[in-house]
Every structure is written in structure tokens, then in C-alpha cells.
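Let's take a friendly walk through this model, one region at a time. Have a look at the sequence and the structure first.

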Amino acid sequence: MPTPPPIPVLPASPAASPAARARDPRPGLSGLDTGALAAWIAERGAPAFRARQVSDHLWSGRPGGVDALRTLPAELRAALDASFRVDTLPETLVREADGGLTEKALHHLDDGRTIESVLMRYPARGPRRERATICISSQAGCAVGCPFCATGELGFWRDLEVAEIVDQARFWRGRLAPEGRRVTNIVFMGMGEPFLNTERVLQAAAILTDPAAFGLGARHVTISTSGVVPGIAALTAFGSQVTLAVSLHAARPALRDLLVPLNRRWPVAEVVEAATGYAEATGRRVTYEIVMIDGINDTPADAEATATLLRGRLAHVNLIPMNPVAHTPWQPSPRERIDAFAETLRRVGIDTTIRRNRGIEIGAACGQLAAELAGAPAPAAVARRRELLVRESAAALLDAGSTGTPA
Ligand code: SF4
């Protein structure tokens with residue numbers, strides 16, 4: 001396989017983000033399922049093996065647009081180019097951290113918007129094989145507005161199309177291929193709320209897990225939601241074995257209203273019931289994520305409320321120290337408080353893992369690079385935002401009585 005051209009490394013202080021341009025009307029080729037691609041080829045009177053040649057190029061990890069499809073007749077190549085974009089991520093910048101174990105990509109879309117994806121390498125340990133997990137985006141920006149998240153601060157630009165989601169995985173496959181490595185896990189935890197773009201996210205998941213396309217096992221794909229109940233129901237109906245993760249962050253409703261504003265629309269009790277429905281339908285354990293914020297959601301009362309909420313359910317909890325972001329006054333919880341929180345959950349039989357924070361020095365939490373590219377917010381705006389969060393979190397912490405336990 002030829003070595004791909006080197007990918008430019010993101011400078012320490014990137015230039016300002018370009019203004020949005022008009023969208024290219026051609027859909028991305030990788031967003032077509034195998035049946036639709038075969039039908040398109042057949043409509044042009046070309047033999048079926050031409051569809052396989054296009055597929056082989058798309059899923060091989062080889063770089064390049066339509067020009068790289070040299071095995072196709074020029075006429076078919078021109079027709080393909082007129083109808084589709086072979087690569088929907090025309091420019092990508094990469095930053096490395098953790099001695100190369102973490103890489104963050106900033107992808108420029110055709111309209112000038114930017115999205116992010118991250119590669120996390122996990123070396124082999126004991127019986128565990130080496131893994132390469134990628135975290136991908138489902139939207140450009142996000143409308144949910146979780147206050148600890150840099151993407152939430154950027155606001156919402158638009159939904160990604162299917163190919164823009166899938167091409168993030170193709171990008172990392174191409175980056176790993178020269179090393180003889182492959183993507184082993186995909187998590188939808190980058191920019192955006194996947195279940196506010198449900199139809200395209202599920203189409204992308206189908207392509208990523210199709211053996212004739214990207215070909216990753218469904219159990220190696222995780223879709224993480226901040227609690228969009230209809231999206232969880234759609235995933236249940238989708239009937240796949242993908243892992244469902246729920247960004248819980250707080251079991252007490254008033255505090256969750258602050259940390260995950262969608263809680264006002266779909267309260268935590270309804271979210272956990274819907275997730276339990278998914279677990280029962282698929283037999284798959286649901287992962288609950290809690291970003292641990294010092295003095296905010298890591299108190300003994302929060303640990304007890306979480307234990308009450310999840311006890312007896314098919315659940316696994318990940319505790320993740322918060323990534324510090326500029327617009328909040330909050331900091332990650334100290335390790336001993338995370339340990340105590342985990343202990344409370346384990347005492348009632350809830351499997352709990354404490355995750356390491358990866359790539360803090362490159363802003364690996366979603367939205368941090370795009371926020372940097374967009375330019376620093378005015379110091380006065382940051383100060384106002386911080387004051388508001390201090391006031392709101394103090395009010396939410398006073399409401400310690402309610403546990404959010406479903407009736
Ligand atoms: S944490 Fe996820 S859902 Fe919340 S604002 Fe950030 S990207 Fe959106």
C-alpha cells in the first residue's frame with residue numbers, strides 16, 4: 001500500500017476559522033449503502049464488479065479523491081465525480097499528545113465549518129490486545145449546551161451528513177494503515193448530540209458495521225447520548241448490538257438540569273427507563289458516563305443518588321475527570337473523591353471504572369480545538385459566564401433532597 005502524503009500538523013495557535021461557504025450539493029459517496037452504490041453503477045450500464053472496485057477503494061484506507069480510482073474507466077470516473085464527493089473532509093489538521101498515544105484531528109468541511117475526531121491508542125496489556133479507539137462527531141457544534149463542554153459553548157452549526165460521519169472513520173483507518181494497525185473501536189462522543197441527528201447517525205452506524213463496507217463489529221461501536229429518549233427508542237428499534245452510553249453526569253434532577261440542559265425536556269428518570277428498555281431488548285449493558293467536577297457532582301449525596309438510580313440495572317459506570325475548559329470556573333475532581341464515589345457504586349453491585357483523561361494538553365475534549373480556532377471569547381464574557389455558573393451550581397447543590405429515582 002503506498003504511504004499516504006503527510007498530514008499537516010496543527011500549529012500551536014491556528015489562524016481564525018474561515019467563514020462558512022456554500023455547501024457542495026454533491027452527497028458524500030461513503031454515505032451510500034452497498035445496495036445503493038450497486039444500483040447507481042447498474043443504472044449507468046456498468047458491470048457489477050465496478051461497484052466492488054469503488055467499495056474496495058472506499059474501505060481500503062487508501063487516501064485520495066476520485067482521481068485515485070484509476071481502475072475505473074474515465075467515463076465512469078467522471079460520472080462519479082459529477083454525482084458524489086469521494087472524500088467529504090477535504091482538509092484535516094492533526095495534533096499529538098500523550099507521547100503519540102492520543103491524536104486529535106480538526107476536519108474542515110466543504111462549507112468551511114470544522115469538526116473534531118480523536119484517536120486514542122491503548123497498548124496491549126496482559127491478556128488485552130492493543131486497541132485503537134476513535135471518537136467521532138455527529139454534528140458541527142451542538143445545541144445541548146452542557147456547561148462543562150467546549151462544543152456546547154460554540155453553539156450549533158448543522159447536522160453532519162452520513163458520509164461526513166463515516167469519513168472520520170475512513171480518515172483514521174487511512175492514518176493507521178501504514179503502521180499495520182486498524183481502528184478497533186468507534187465511539188460517537190465527539191461534537192454534537194447523536195440523537196438530535198438520529199436518522200443519519202443510525203445510517204452511518206449501519207455502514208460502519210456492514211462487513212461489505214467499513215466492517216467493524218457492532219459491539220465495537222458505542223453511541224453516546226445526553227438523554228434524547230426518542231433516539232434511545234429508535235436505537236432499540238434499530239435492532240443492532242451497538243453499545244448505548246448515556247451521559248448521566250448527575251442523578252439529582254436539579255443538578256442535572258444545570259449540567260445537561262436536555263434534562264428539562266427528558267428528565268433523568270425517563271432517560272434511565274428508556275436505556276433500561278434498550279438493555280432488556282438487546283441484553284447489552286448500558287454505559288453511564290459521569291464527568292467528575294470538583295465540588296459540583298462528586299459529593300457523597302451524588303454518589304448515593306447515582307447508586308439508588310442505577311442499582312439492579314444492567315449498567316456500567318465510567319467516571320471521567322473533567323477536562324478543564326476556559327469558560328467555566330470548574331476543575332476536575334481530586335482522585336480520592338472519585339475513588340470514594342466509585343466505592344459507593346461498587347458497594348451496591350454497580351460495575352464502575354475510573355477513566356484516565358487523555359490528551360489534556362491538546363484539548364482532546366470535544367470542541368476544544370474548534371473553540372481555539374474560533375478565537376478566544378472576550379474576557380468579560382468568560383467572567384460573566386463563570387459567575388452565572390457559580391450561582392446556578394450553588395442553587396442546584398442546595399436541592400440535595402431529590403434523587404431522580406424513577407417511581
Ligand atoms: S457534552 Fe455532548 S451533548 Fe453536551 S454540549 Fe458537549 S457535545 Fe453537546
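## A loop residue

Where does Asn 263 lie? You will find Asn 263 in the loop that runs between helix 8 (253-259) and helix 9 (268-282). Keep in mind as you look that this is a predicted model.

Is Asn 263 buried or exposed? Asn 263 has 24 other C-beta atoms within 10 Å, and the cut-off for a buried residue is 20 or more, so Asn 263 counts as buried. Leaving aside residues up to four places away in sequence, Asn 263 touches Gly 227, Pro 253, Arg 256, Asp 257 and Val 268.

In soluble globular proteins, nonpolar side chains tend to be buried together. Here, the largest nonpolar core has 100 residues, and Ile 134, Val 166, Ala 169, Leu 208, Leu 244 and Ala 275 have the most contacts inside it. Helix 5 (residues 162-176) gives the most to this core, with 7 residues. Domain 1 (29-83) and domain 2 (91-398) each supply at least three residues to the core.

Take Ala 275 as an example: not counting residues up to four places away in sequence, Ala 275 touches Ile 232, Leu 244, Val 246 and Val 286.

The axes of helix 5 and helix 6 (residues 198-208) come within 9 Å and cross at roughly 40 degrees, so the two helices are oblique to each other. The crossing of helix 5 and helix 6 is right-handed.

Which residues meet here? From helix 5 come Val 162, Ile 165, Val 166 and Ala 169, and they meet Arg 200, Val 201, Gln 203, Ala 204, Ile 207 and Leu 208 in helix 6.

Definitions and conventions:
Residues numbered from 1 in each chain as written. Predicted model: local features only at pLDDT ≥ 70, side-chain atom pairs only at ≥ 80, totals over all residues. Core = buried A, V, L, I, M, F, W, Y, C linked by C-beta atoms within 7 Å. Buried ≥ 20, exposed ≤ 12 C-beta atoms within 10 Å, placed from the backbone. Helix = DSSP H or I, 4+ residues; strand = E, 2+ residues; numbered from the N terminus. Domains from an automatic or database assignment. Contact = placed C-beta atoms within 7 Å. Axes fitted to C-alpha atoms, helices over the stretch in contact; angles between N-to-C directions. Parallel < 35°, antiparallel > 145°, perpendicular 65-115°, else oblique. Left-handed = near helix turned anticlockwise from the far one by under 90°.
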